Amino acid sequence: MRKYIGGILILIILGYIYYSFNPDKSSIFPKCPFYLLTGLKCPGCGSQRATYYLLHFHFIEALKCNALMVISLPIVCILSYIELIRKRNPHLYAIAYKTKYIWAYLIIVIIWWICRNIFDL
Ligand SMILES: [Zn+2]
């Protein structure tokens, strides 16, 4: 558990920053280089604004900013927990981290990337 303290502290600090400052109105947040170069949204565009809205419990606004990120968060939490208990439960880890799931998620991300630029999502 001790080795995760640094990561947990970083999450707390980032959570405080994203809770305190609205990325729409603050210039302290980095802009997406892909969007700046191409004018097209990448799969992660809107994630900072979605995080801000999630921390304020505005789920619909968060979904409008980046639906894939919002929908993926529970999956990330579950996979992080499985990673934490990996040594105690290697069978669960082997099930959750199958290569075919990673490829399936990558395909979903690519479809999301294309669709959000075509349909302005
Ligand atoms: Zn982007």
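Helices are DSSP runs of H or I covering at least four residues, and they are numbered from the N terminus; strands are runs of E with at least two residues. Keep that in mind as we walk through this predicted model, where local features need pLDDT of at least 70, side-chain atom pairs count only at pLDDT 80 or more, and totals for chains, interfaces and linings use all residues. Residues are numbered from 1 along each chain as its sequence is written, and side-chain values use heavy atoms, with hydrogens and water left out.

Let's go looking for salt bridges, meaning a side-chain nitrogen of Lys or Arg within 4 Å of a carboxyl oxygen of Asp or Glu. The structure has four of them.

Start in helix α4, which runs over residues 59–84. Here Lys64 and Glu61 pair up, with N to O at 3.5 Å. They sit three residues apart in the helix, so about one helical turn separates them. Lys64 is exposed, at 56% relative accessible area, while Glu61 is partly exposed at 33%. (Buried is under 20%, exposed is over 50%, and partly exposed is in between, using a 1.4 Å probe and protein chains only.)

Next, find Asp24 and Arg49, whose side chains meet at 3.7 Å, N to O. This pair ties together distant parts of the chain, 25 residues apart: Asp24 lies in the loop between α1 (5–20) and α2 (33–38), and Arg49 in helix α3 (residues 47–55). Asp24 is partly exposed at 48%, and Arg49 is also partly exposed, at 30%.

Finally, look at Glu83 and Arg86, another salt bridge, with the closest N and O atoms 3.6 Å apart. Glu83 is partly exposed at 32%, and Arg86 is partly exposed at 37%.
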